[in-house]
Amino acid sequence: MNIDDLAAATTPDQLTAALRENQAELAVLRRTHEGPRRSVREATYRGHRIRVVTTYEISIDDRPVTGHLLLDNDGSVHYHAIPNQQFPSMIDMVERIIDLAWDLDEPQPDVPGSEHGDSGGHHHDHPGGD
Amino acid sequence: MGTPAVTITITREVTEMAVVRRNILTDAVSMQKFSEGINLLKKDFSAGVTTQTLGFGGPAFPVSAYDQFVIWHSVAMSVPVPNDDGTNPRDRNSAHRGSIFLPWHRFMLALMEGHLRRVLNDTSFGLPYWDWGADGDLTPAAQPQSPLWKDSGIGGNGSPVTDGPFGFDQSNPEASFRVFFSEDVVSGQLVPLFTGRGLFRQLGLGLVTKDLPTTAQVTQVIEQFTEYDEADWDVASRGFRNVVEGWLLFGPNRRAEMHNRAHVWIGGDMGPSTSPNDPVFYLNHCNVDRIWEGWMVKHGRTYLPDNTTPGAPAGYRIDDPITSLVTTVTTTPAAMLDVSALYSYDIVPADDGV
């Protein structure tokens, strides 16, 4: 790739064409996480297969924590929504969620058509209106 | 009568020159152009993409070219890269937690750089980098006071940030830099914020991560780790990629964490998968890319796994395609090893001419 190739790849038309080509990947945006979090750990020791299934029910002020999480075989926790950290314990993870949750002290976000709420009473300005 | 005029037209195909990426703290033009370009791209709706194009319910709201990169990054984190038997014990994804991390982000940054050149109408623009190792050499208390975080830089701390080119002005939100897509870390879902909000940062305020990696750590990583990556090509691998991504800890206090540490130290919007919401994402990754370039200068333009490596996951091998949500053009890790036709760095770390 050279500079001219890059210019051809970075046009407004390319932005729309890429979304048309990759609609299947966008399905993750509509995926909802519900119920307790489940982690499966597997290992082999002296020829024996080990499988540990762990289920967690986590909440903050009664609001369920439903993001995808994973326990490594050393017991540390990876939480998908905080991708740059590995936590030594679940409590450490939840403390960090509280650090980063932008809406814990605010009303739920205004998401038309989603289960988070309707648009009643909120002002919808236009992102493109600047 | 005079001599008849003769017009000679010489046509030739013009190929633009590769650009130079510079340190944002020592190059005022890079600082100014970066801020201007990001704000232009944030208001670039020329592609006609809306929230409905992305599959969100409700009324259709325009999505800027800048925010399409935020969504791409977030979605890429949700695409798993499993083993042949379907297992994925350490949660590799299509952009992180594995070998693909460096070429994937090199591709992302090149595409962002191309769009910035487009909206700036400046073919000489090169994405600048933030040399966080230099700031990491300061005392922890001095690090958030770096010129980068000043009003004349990219603004400082806050929920929201209120100064600098990406500051939020409560009295004029529509003219302000705003976040429109954010990962809700409680539910783990990407949420469109139709009214937008200001940017969040918590510089050095995390309970654990109070300082940045240092220059000495960067040099040590480049010199000590001679292999690009190793099996199982994930967060437990030994190798340069995993230590610069930040999962493989090293050094006396085992707290370098490199790229990850920069994310965590900044905090706020740099925490979730929507971290490209904060423009400093690009400055951080440009520095990571520069460190990778320094490693390749020293150890050669090599990448692992190759196409025949046993157990190498499909999606991470050297000739596997890297796709995106911002262009139909694809690349491969192999194509990302030598990008001298696109850009070079003013200075690469640990370049001792070897």
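This is a short tour of a predicted model, stop by stop.

Residues are numbered from 1 along each chain as its sequence is written, and chains are lettered from A, with ligands numbered from 1, in the order in which they are written. Because the model is predicted, local features need pLDDT of at least 70 and side-chain atom pairs count only at pLDDT 80 or more, while totals for chains, interfaces and linings use all residues.

**Stop 1: confidence.** Colour by pLDDT, the predictor's confidence in each residue, from 0 to 100. Chain B averages 92, and 93% of its residues score at least 70. Now select residues 1-14 of chain B. Here the pLDDT is below 50. Beyond near neighbours in sequence, this stretch has 0 contacts in the model; two residues are in contact if their C-beta atoms, placed from the backbone, lie within 7 Å. Where pLDDT is low, the predicted coordinates should not be read in detail. The complex as a whole gets an ipTM of 0.91 and a pTM of 0.90 from the predictor.

**Stop 2: chain A.** Show chain A as a cartoon. It has 4 helices and 6 strands. Helices (H or I, at least four residues) and strands (E, at least two) are DSSP runs, numbered from the N terminus. Follow them from the N terminus: α-α-α-β-β-β-β-β-β-α. Of the 130 residues in chain A, 24% are buried, with 20 or more other C-beta atoms (placed from the backbone) within 10 Å of their own.

**Stop 3: where the chains meet.** Select the contact between the chains. Chain B gives 74 residues and chain A gives 61. On the chain B side, β3(B) gives the most, with 8 residues. By class, that side has 34 nonpolar, 32 polar and 8 charged residues. Ala, Val, Leu, Ile, Met, Phe, Trp, Tyr, Cys and Pro count as nonpolar, Asp, Glu, Lys and Arg as charged, and the others, Gly among them, as polar.

**Stop 4: helix α3(B).** Go to α3 (101-120) of chain B. Of its 20 residues, 19 are buried, so the rest of the structure largely encloses it. Next, click Asn121(B), which follows α3(B). Its phi is positive, near 55°.

Methods:
A residue is buried if 20 or more other C-beta atoms lie within 10 Å of its own, exposed if 12 or fewer, and partly exposed in between; C-beta atoms are placed from the backbone.
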